[in-house]
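Take a walk through this protein with the structure open beside you.

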Amino acid sequence: MRIPAHSVCTAIRDDIVAGVHERGSRLTEELLARRYGVSRVPVREALRTLEAEGFVVTRRHAGACVAEPTEQEAADLLEMRLLLEPLGAARAAQRRTEAHVKVLRGLVRLGQSRARQGTSADLRSLDGWFHETLAQAAGSPALTAVLTQLRHKIAWMYAVEAPAGPVECWAEHGAIADAVARGDGERARALTALHVERSAAAHRLRPAGPGGRAAGVRNPQRAVNTASPRN
């Protein structure tokens with residue numbers, strides 16, 4: 001069975017974000033194919049996609065390498081998020097389905113419960129799911145794709161400190177979800193802009209190299225999961 005290139009792309013991207021493939025390091029097709037248990041064909045296609053997304057660059061005499069973004073490029077990502085995520089929230093208020101509203105409110109209830117209990121372990125994942133659902137509710141595949149790529153790149157370049165007031169943070173999520181449910185696009189836009197602006201203060205640039213990699217990822221060989229690829 002041929003492994004889909006998008007599954008390989010997701011696996012390589014996840015490892016770049018986690019710091020397994022360090023910035024500036026070479027990405028050799030043969031080694032990547034061995035790591036992910038696939039042929040070189042889907043690896044080659046995945047590298048083309050990742051180059052278009054800005055995670056990979058092709059260098060003369062070196063081939064494919066992990067990109068090395070500048071501090072200005074990293075700062076631009078936060079500014080882009082500040083512009084685009086409120087737009088997505090406004091569109092979500094106009095185009096969301098009842099299923100989107102149900103998921104958003106379910107995440108808010110769970111996040112608020114965890115925040116009140118002081119259980120912070122799940123809050124980052126819940127926050128990611130909330131913003132991913134909000135982007136999907138916008139009903140614009142192009143905008144959703146851009147916001148998804150922004151989240152990947154921000155996670156790659158920044159470490160995010162736990163919010164000083166998780167209860168207040170999830171109250172903001174709740175207010176955004178309510179505005180989306182009511183179809184109030186302008187309020188959803190304004191609340192999301194304020195929320196994103198506040199959260200930007202918790203982002204700290206990751207240092208390049210081993211000191212900037214995420215902990216806990218050390219497996220030298222990784223099978224590609226083709227059951228439910230995310231991208």
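Helix α7 gives the largest share of the lining of the largest pocket, 10 residues. The model is predicted. Other elements join in. α1 (5-18), α6 (123-137), β3 (158-160), α8 (166-182) and α9 (185-200) are among those that each supply at least two lining residues. The volume of this pocket is about 1,600 Å³. In total, 49 residues line the largest pocket, and R124, D127, G128, R151 and A155 are the closest to its centre.

Now follow α1 to its packing partner. α1 packs with helix α2 (residues 29-36) at an angle of about 100 degrees, and their axes are 11 Å apart. Angles of 65 to 115 degrees count as roughly perpendicular, so α1 and α2 are roughly perpendicular to each other. On the α1 side, A11, I12 and D15 make the contact; on the α2 side, L32, R35 and Y36 do. Four residues of this contact are nonpolar, two are charged and none is polar.

Last, find A92 in helix α4 (residues 71-95). Is A92 buried or exposed? Its relative accessibility is 0%, so A92 counts as buried. Beyond its neighbours within four places in sequence, A92 is in contact with L134, A137, A138 and V180. Q136 is 44 residues from A92 along the chain, yet their C-alpha atoms are separated by 7.8 Å.

How values were computed:
Residues numbered from 1 in each chain as written. Predicted model: local features only at pLDDT ≥ 70, side-chain atom pairs only at ≥ 80, totals over all residues. Heavy atoms only, no water. 1 Å grid on protein atoms, 1.4 Å probe; cavity = no way out; pocket = protein on both sides within 12 Å on 5 of 7 lines; lining within 4 Å. Points joined across faces, edges and corners; volume = space filled by probe spheres on them. Helix = DSSP H or I, 4+ residues; strand = E, 2+ residues; numbered from the N terminus. Axes fitted to C-alpha atoms, helices over the stretch in contact; angles between N-to-C directions. Parallel < 35°, antiparallel > 145°, perpendicular 65-115°, else oblique. Contact = heavy atoms within 4.5 Å. Nonpolar A, V, L, I, M, F, W, Y, C, P; charged D, E, K, R; others polar. Buried < 20%, exposed > 50% of the residue type's maximum accessible area, 1.4 Å probe, protein only.
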